Amino acid sequence: MMHFADSLTFSGRKVVAAWAALPFPALSGSSLPDILSAHQQDVPWKLLSSWREQKVSCCFAQSVVLRGICKEKPTSCPGQPWSPLQSWESPEQVLQQYLHTQFPGAFSTAHVLQQPCDTRPPFPQFFSPLLTSRGFLLDKAQGSSSAGVESIPVLAALQSSPVLHSLLSGLCQDLRVRNVRRCGSFFTAGVEQDDFQEALEELKTLSQCYETGFGADGSEDEADSD
């Protein structure tokens, strides 16, 4: 886990954002290239942070895991437009190529597992009737979902991206405007005012590591060392 975290948090970055698609938006019977080709303008997973959602057009590093999509080589439905993703042999290659297309230059790892996420009770049944019992999308609802959704395909991602600059700098600003001197229990717990200010400066510096310009400048030293 330590090496995995280090691979995503280089150049002074220490935080990654969690993203997920639950369920992964896959039509029943569609191939993975067809599914991903339908999301060329924006990735089909959402930010899990409570921070306001932003469209991410670039990132520094990411690890993506997709579960519940068959590992066999998919075939497109008749009449479906040809996609460049169909030229790749395995689902891992298809997902990896999609990530390279969406985030060129980023360090990306992709894994595809056949086993879906089990959603049988006691998992809460909050799913739409547009889902089959296996979690795939239907063209239209077929009655109620009283039978329940037994499993779903899921995509989860950890991503180091510029969106964290807004999140971390916003947190820093929120802390600066608060008068922590009024929170007596805050400092009686052993936190000194100087330590608090130092932590704020470190948080500000950390947020700057996620600026796109900083990432470009920071890569120069790495390139020179190579």
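The buried residues of helix α4 pack against β1, β7 (154–160) and α6 (193–208), and that's a handy place to start with this predicted model. Salt bridges come to a count of 3, and one of them, between Arg176 and Glu201, brings us back to α4 and α6.

**Helix α4**

- α4 runs over residues 163–177, so to speak a 15-residue helix, and its first and last C-alpha atoms are 22 Å apart, close to the 21 Å expected at 1.5 Å a residue.
- Who's buried here? Val163, Leu164, Ser166, Leu168, Ser169, Gly170 and Cys172 are the buried residues of α4.
- Arg176, also in α4, is partly exposed instead, at a relative accessible area of 38%.

**Salt bridges**

- Arg176 and Glu201 bring their side chains together in a salt bridge, 2.9 Å from N to O.
- Since Arg176 sits in helix α4 and Glu201 in helix α6, this pair ties together parts that are 25 residues apart in sequence.
- Arg134 and Glu150 make another salt bridge, and their closest N and O atoms are 3.6 Å apart.
- Both Glu150 and Arg134 lie in the loop between β5 and β6, so the pair ties together parts that are 16 residues apart in sequence.
- Glu150 is partly exposed at a relative accessible area of 33%, and Arg134 counts as partly exposed too, at 47%.
- Asp118 and Arg120 are joined by their side chains in a salt bridge as well, with an N to O distance of 2.9 Å.
- For Asp118, the relative accessible area is 42%, which puts this residue in the partly exposed class.

**Nonpolar surface patch**

- Which residues make the nonpolar surface patch? Met1, Phe4 and Leu158 do, and the patch covers about 310 Å².
- Phe4 belongs to helix α1.

- Leu22 and Pro23 are linked by a cis peptide bond, with omega at about 5°.
- Where is Pro23? Look in the loop between β1 (17–21) and α2 (32–37).
- There's a cis bond from Pro121 to Pro122 too, this one with omega near 15°.
- Pro122 sits in the loop between β5 (117–118) and β6 (151–152), the loop that also holds Arg134 and Glu150.
- Ser11 has a positive phi, near 60°, despite being a residue other than glycine.
- You'll find Ser11 in the loop between α1 (2–8) and β1, where Ser11 counts as partly exposed at 24% relative accessibility.

Definitions and conventions. Residues numbered from 1 in each chain as written. Predicted model: local features only at pLDDT ≥ 70, side-chain atom pairs only at ≥ 80, totals over all residues. Heavy atoms only, no water. Helix = DSSP H or I, 4+ residues; strand = E, 2+ residues; numbered from the N terminus. Buried < 20%, exposed > 50% of the residue type's maximum accessible area, 1.4 Å probe, protein only. Expected span 1.5 Å × (residues − 1). Contact = heavy atoms within 4.5 Å. Patch = residues over 30% accessible without salt bridge, like charges linked within 9 Å, V, L, I, M, F, W, Y side chains within 5 Å. Areas by Shrake-Rupley, 256 points an atom, 1.4 Å probe, with all protein chains shown as cover. Salt bridge = Lys/Arg side-chain N within 4 Å of Asp/Glu carboxyl O.
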